[in-house]
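I opened my notebook to go through this model. I wanted to look up its domains, its aromatic rings and its charged pairs.

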Amino acid sequence: MRAGYSIFLLILSLTVCNAGKLSNTFYKNTCPQVEKIVREIIQIHTRNNPSLCAQLIRMQFHDCFVRGCDASVLLDTVRNSKAEKEAIPNQSLGGFDVIDDIKAAIERVCPKVVSCADILALAARDAISSPFKKSMWSVQLGRRDGRVSLATEISGNLPSPFANFTSLVQLFKGKGLNVNDLVVLSGAHTLGDSRCGAFSRRLYNFTSKGDADPSLDPTYAKILRKKCPNPASPAITVEMDPGSSLSFDNHYYDILLQKKGLFVSDAALLTDKNSNKIVTRLQRSRSLFFTAFAKSMKKMAAIGVLTGNAGEIRQNCRVVNPGKN
């Protein structure tokens with residue numbers, strides 16, 4: 001009896017353990033077509049809107065760094081409690097309508113099965129992958145959705161464009177990511193654009209003396225001043241990777257070494273010897289960057305995930321379910 005009972009407990013513990021893990025085959029029996037649905041919808045949207053790649057990868061980043069990868073960034077504000085998407089750093093996020101389209105399509109085929117957190121992870125991967133006609137990295141699945149989203153939790157959890165190297169390292173370390181991940185994931189700045197306010201101080205008043213940031217290439221600073229008059233207008237945006245903002249590649253590291261990184265946080269990557277070496281390695285090899293980015297994205301996509309019976313499977317990505325699942 002004791003031996004049989006011990007074996008039963010062992011099997012039970014292994015079952016519980018496995019239920020709490022992410023897996024490449026999580027939906028094999030419950031929604032085997034999930035990846036196909038996401039991929040096809042993303043392909044349609046990226047053809048019509050090439051900037052979607054930047055939007056979705058940024059959305060996933062902002063989701064995972066606050067409360068973990070639980071799709072809390074997708075929730076709308078309820079009553080007087082402002083959601084994450086209302087916080088200033090998130091007000092420029094885009095792509096929520098695309099996630100809604102994917103969720104609706106999946107619910108028609110596999111109702112109440114696939115989480116919004118998993119949809120976001122797949123959508124971000126597929127948006128980057130679409131131009132390459134292949135998946136740039138595998139996505140493990142099995143995340144569940146959180147039920148809380150607070151704008152007040154954004155501060156201190158998302159890296160600031162004004163952050164120095166020490167602050168960036170500490171923040172990433174708190175998320176289980178290292179210096180290599182910091183430099184590699186910063187490479188996503190090869191996509192998209194930024195409002196002038198995120199870097200205008202580097203152009204006009206870096207040390208409160210009406211000066212420019214000496215770590216920014218002077219000629220490039222002059223170009224940026226023409227594009228971004230002082231005071232900064234929220235209506236004006238600038239490419240983060242000039243001439244390459246719609247292409248996922250390692251060009252970001254080229255401009256970084258030319259002292260044309262847009263943010264203080266970009267330039268900060270050159271202030272540390274080890275970080276500088278990583279930048280140089282990634283600049284020399286696109287294939288190395290792609291491999292490293294895939295690895296770091298997998299790590300980031302596993303930050304603080306809810307699995308097993310934690311959280312819920314939202315039926316609408318914008319609102320929590322009326323009751324617990």
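**Entry 1. A cut-off, then a serine.** I count a residue as buried when its relative accessible area is under 20%. The model is a predicted one. I looked up Ser130 to begin with. Ser130 has a relative accessible area of 16%, so I put it down as buried. I found Ser130 in the loop between H5 and H6. What is Ser130 in contact with, leaving aside its neighbours within four places in sequence? I noted Gln43 and Thr46.

**Entry 2. The two domains.** I looked up the division of the protein. Domain 1 runs over 33–153 and domain 2 over 165–300. Their C-alpha centres lie 24 Å apart. I then turned to the contacts. On the domain 1 side, 17 residues are in contact with 16 residues of domain 2. About 1,500 Å² is buried between domain 1 and domain 2. Carbon and sulfur atoms account for 81% of that area. Which three residues supply more than any other three of the area that domain 1 buries against domain 2? I wrote down Phe65, Phe132 and Trp137, which supply 36% of it. I also looked for salt bridges between domain 1 and domain 2, and the count is zero.

**Entry 3. Aromatic pairs.** Trp137 sent me on to the rings. I noted 13 aromatic pairs in the structure. One of them is Trp137 with Phe293. Where do the two partners lie? Trp137 is in the loop between helix H5 (116–129) and helix H6 (165–174), and Phe293 is in helix H13 (residues 286–300). The pair therefore ties together parts that are 156 residues apart in sequence. I checked accessibility for both. Trp137 counts as buried at 7%. Phe293 is buried too, at 1%.

I looked up another pair, Phe289 with Phe290. This one is tilted, with 5.9 Å from centre to centre and 45° between the planes.

I then asked which residues form one aromatic cluster. My list reads Phe132, Trp137, Phe248, Tyr252, Tyr253, Phe289, Phe290 and Phe293. Phe132 and Trp137 were already in my notes for the area that domain 1 buries against domain 2.

**Entry 4. A charge over a ring.** I looked at Lys85 next. Its charged end sits over the ring of Phe96. The distance to the ring centre is 4.2 Å. Lys85 is also in a network of salt bridges, linked with Asp76, Asp100 and Arg318.

**Entry 5. Salt bridges.** How many salt bridges does a search of the whole structure find? I noted twelve.

Glu153 forms a salt bridge with Arg67, and the closest N and O atoms are 2.7 Å apart. I placed Glu153 in the loop between H5 and H6 and Arg67 in the loop between helix H3 (52–64) and helix H4 (96–109). The pair links distant parts of the chain, 86 residues apart. Glu153 is partly exposed, at 23% relative accessible area. Arg67 is partly exposed as well, at 40%.

Asp118 and Arg143 meet through their side chains in a salt bridge of 2.7 Å, N to O. Asp118 sits in helix H5, and Arg143 is in the loop between H5 and H6, 25 residues apart. I found both Asp118 and Arg143 buried.

Asp181 pairs with Lys299 in a salt bridge, with 2.6 Å between the closest N and O atoms. Asp181 lies in helix H7 (residues 179–186) and Lys299 in helix H13, so this pair ties together parts that are 118 residues apart in sequence. Lys299 counts as partly exposed, at 31%.

Conventions: Residues numbered from 1 in each chain as written. Predicted model: local features only at pLDDT ≥ 70, side-chain atom pairs only at ≥ 80, totals over all residues. Heavy atoms only, no water. Phe/Tyr/Trp six-rings, centres within 6.5 Å; stacked < 30°, edge-to-face > 60°. Helix = DSSP H or I, 4+ residues; strand = E, 2+ residues; numbered from the N terminus. Buried < 20%, exposed > 50% of the residue type's maximum accessible area, 1.4 Å probe, protein only. Lys NZ or Arg CZ within 6 Å of the ring centre and 35° of its normal. Domains from an automatic or database assignment. Contact = heavy atoms within 4.5 Å. Buried area = accessible area lost by both parts, 1.4 Å probe. Salt bridge = Lys/Arg side-chain N within 4 Å of Asp/Glu carboxyl O.
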